[in-house]
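I opened my notebook for a first look at a structure that is new to me. Here is what I looked up, in the order I went.

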Amino acid sequence: MTKIVIAGALGRMGTTIARIVDESPGLELVGGVDIKEGTLLGTDVVTPDRIDELLQSRRPDVLIDFTVADAAVENIKAATRNGVALVVGTTGFSPEQRAVIEEAVVGTVPAVISSNYSVGVNIFWQLVRQAARMLADYDVEVTEAHHRYKKDAPSGTAKTILEILDQELGSREKVYGREGMSERKDEIGVHVIRGGDIVGDHSVLFAGNYECIEVSHRAYDRAVFAEGAVRAAAWVHGKEKRIHSMQDVLGI
Ligand SMILES: NC(=O)c1ccc[n+]([C@@H]2O[C@H](COP(=O)([O-])OP(=O)(O)OC[C@H]3O[C@@H](n4cnc5c(N)ncnc54)[C@H](O)[C@@H]3O)[C@@H](O)[C@H]2O)c1
Ligand SMILES: O=C(O)C1=N[C@H](C(=O)O)CCC1
């Protein structure tokens, strides 16, 4: 039985992940962490100051973190000092925070870190990479849309799209929105929509002369992310002590 603790347990993703863990044979939810204590599906949710106590008493195999960047860094440190494997879905990390995370994880515990755990987005990223290789002389625009409560922008998924485009097209200037006189050069336009309960839409437009090609993904329920994160949690236990991607989990 793989034992799971969820950080961000009472959030949109945490509660969705908890339900899927609870429904999954071979997985057991043994606790949670959030800024308010409580219970979740019969398990204790403790405040962040008690995370070491929780990890040492419940001895989970995997900590799943869907919180906020500053918190996730501390939760990751707690998992590494207690020898607990990680699945991290939190986005919005600064480059400095990524360096701290890598220093804590590599050689200490196995971790899966992904800005998007949807199987479809991981395939969408590969389609974007293939398209970029063939459409290098097209103008490229990236658009993402999420619910009104999302704190970080652009989305982590969109930032991964930009990383892929940089790898395939060479590093181009990014222009985040446009207004006033705005002559297009060879930049990549990045556009962010926030509103309603949009779960997560991403699009990459390749605009040429007389035609456009658009590669896009739309999520209809955050269960798609939660199912991927739970799949990663079942996979990560016992793997090499370094940072793995969701593409590693999927073997694609
Ligand atoms: N990788 C993916 O597939 C994916 C999918 C969806 C969301 N996300 C990311 O996951 C994160 C959470 O998204 P959400 O919609 O669930 O947000 P949310 O605000 O609903 O949930 C976050 C939870 O974390 C809790 N929290 C804050 N500080 C904490 C701490 N120190 N310790 C423990 N818990 C703490 C909050 O109280 C809240 O309950 C965001 O960064 C989002 O971008 C990633
Ligand atoms: O709802 C969110 O917040 C999401 N965040 C991730 C991101 O920032 O890319 C994944 C999509 C949903």
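These entries go from the whole chain to one of its ligands.

**Entry: the model.** I noted at the start that this is a predicted model.

**Entry: domains.** I looked up how the protein chain is divided, and I found domain 1 (2-117 + 223-250) and domain 2 (119-219). The contact between them takes 13 residues from domain 1 and 15 residues from domain 2. I also checked their centres, which are separated by 28 Å when taken over C-alpha atoms.

**Entry: where ligand 2 sits.** Next I wanted to know where ligand 2 sits. I found ligand 2 in the largest pocket.

**Entry: the shell.** Which residues are around ligand 2? I wrote down T91, S115, N116, H146, H147, K150, S155, G156, T157, V199 and F225. Domain 1 and domain 2 each give at least three residues to this shell.

**Entry: polar contacts.** I looked at three side chains facing oxygen atoms of ligand 2, taking T157, K150 and T91 in turn. For T157, a polar side-chain atom lies 2.6 Å from an oxygen atom of ligand 2. For K150, a side-chain N or O atom is 2.7 Å from an oxygen atom of the ligand. For T91, the distance from a polar side-chain atom to a ligand 2 oxygen atom is 3.3 Å.

**Entry: cover.** How much of ligand 2 does the protein bury? Taken alone, ligand 2 exposes 320 Å², and I noted that the protein buries 85% of that.

Terms used: Residues are numbered from 1 along each chain as its sequence is written. Chains are lettered from A and ligands numbered from 1 in the order in which they are written. This is a predicted model: local features need pLDDT of at least 70, side-chain atom pairs count only at pLDDT 80 or more; totals for chains, interfaces and linings use all residues. Side-chain values use heavy atoms; hydrogens and water are left out. A residue is near a molecule or strand if one of its heavy atoms lies within 4 Å of it. A polar contact is a pair of N or O atoms within 3.5 Å; within protein, one must be able to donate a hydrogen and the other to accept it, and residues adjacent in sequence count only if both atoms are side-chain atoms. Accessible areas come from the Shrake-Rupley method with a 1.4 Å probe; for residues, only the protein chains shown count as cover. On a 1 Å grid over the protein atoms alone, a cavity is a set of points where a 1.4 Å probe fits but cannot get out, and a pocket is an open set with protein on both sides within 12 Å along at least five of seven lines; lining residues have an atom within 4 Å of a point. A molecule sits in a cavity or pocket if more than half of its atoms lie within 2 Å of its grid points. Domain bounds come from an automatic or database domain assignment. Contact means heavy atoms within 4.5 Å.
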